[in-house]
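Subject: Structure for you to look at

Hello,

Here is the structure I said I would pass on. My notes on it follow below.

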Amino acid sequence: MARVKGAMMTRKRRNKILKLAKGYWGAKSKHFKMANEQVMKSLKYAYTGRRLKKRDFRQLWIARINAGCKANGMNYSTFMNGLKKAGVVINRKMLSEMAIHDKAAFTKLVEMAKAARA
């Protein structure tokens, strides 16, 4: 039986890494060992970044809602508490969009929250 050598699969694996490393500076895009290290690090950063993006957007939405609430004489936490007591279930993303684009509807929500808290 003939001996099987791994040249083809090794070359495919290396080319896959080098393709991912395209555009990196210097030897990081040319040499397999350096490219492999940088690609592993880049993939780790990308994974972390996908989770941080969710955190960052939630922070942005809360800041926008808070600004809209302050314009109507209320703060964020009392507004959210009032909405919860009033039984209004709208996520923060939609609330922030309303605070920016539909100020009249957002003002009505603030009034509902005030009434529910009283």
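A charged patch is made of residues with over 30% relative accessible area and no salt bridge, like charges being joined within 9 Å. The model is a predicted one. On its surface, R50, R51, K53 and K54 gather in such a patch, and the charge of the patch is positive.

One of these residues, K54, lies in helix α2, which spans residues 32-71. K54 has a relative accessible area of 55%, and exposed means over 50%, so K54 counts as exposed.

Next, the aromatic rings. How many aromatic pairs does the model have? The count comes to 2.

The pair of F57 and W61 is tilted, with 6.0 Å from centre to centre and 35° between the planes. F57 and W61 are about one helical turn from each other because they sit 4 residues apart in helix α2. Is F57 buried, exposed or partly exposed? The relative accessible area of F57 is 40%, so this residue is partly exposed.

F79 and F106 make up another aromatic pair, also tilted: the centres are 5.2 Å apart and the planes stand at 45°. Which parts of the chain does this pair link? F79 belongs to helix α3 (residues 76-86) and F106 to helix α5 (residues 103-117), and the pair links these distant parts of the chain across 27 residues. F79 and F106 are both buried, that is, under 20% relative accessible area.

- A71 is in helix α2. With a relative accessibility of 68%, A71 counts as exposed. A71 and T107 are 36 residues apart along the chain, and 9.1 Å separates their C-alpha atoms.
- K84 is in helix α3. This lysine is exposed as well, at 69% relative accessibility.

Regards

Notes. Residues numbered from 1 in each chain as written. Predicted model: local features only at pLDDT ≥ 70, side-chain atom pairs only at ≥ 80, totals over all residues. Heavy atoms only, no water. Patch = residues over 30% accessible without salt bridge, like charges linked within 9 Å, V, L, I, M, F, W, Y side chains within 5 Å. Areas by Shrake-Rupley, 256 points an atom, 1.4 Å probe, with all protein chains shown as cover. Salt bridge = Lys/Arg side-chain N within 4 Å of Asp/Glu carboxyl O. Lys, Arg positive; Asp, Glu negative; His and termini not counted. Charge placed at Lys NZ, Arg CZ, Asp CG, Glu CD. Helix = DSSP H or I, 4+ residues; strand = E, 2+ residues; numbered from the N terminus. Buried < 20%, exposed > 50% of the residue type's maximum accessible area, 1.4 Å probe, protein only. Phe/Tyr/Trp six-rings, centres within 6.5 Å; stacked < 30°, edge-to-face > 60°.
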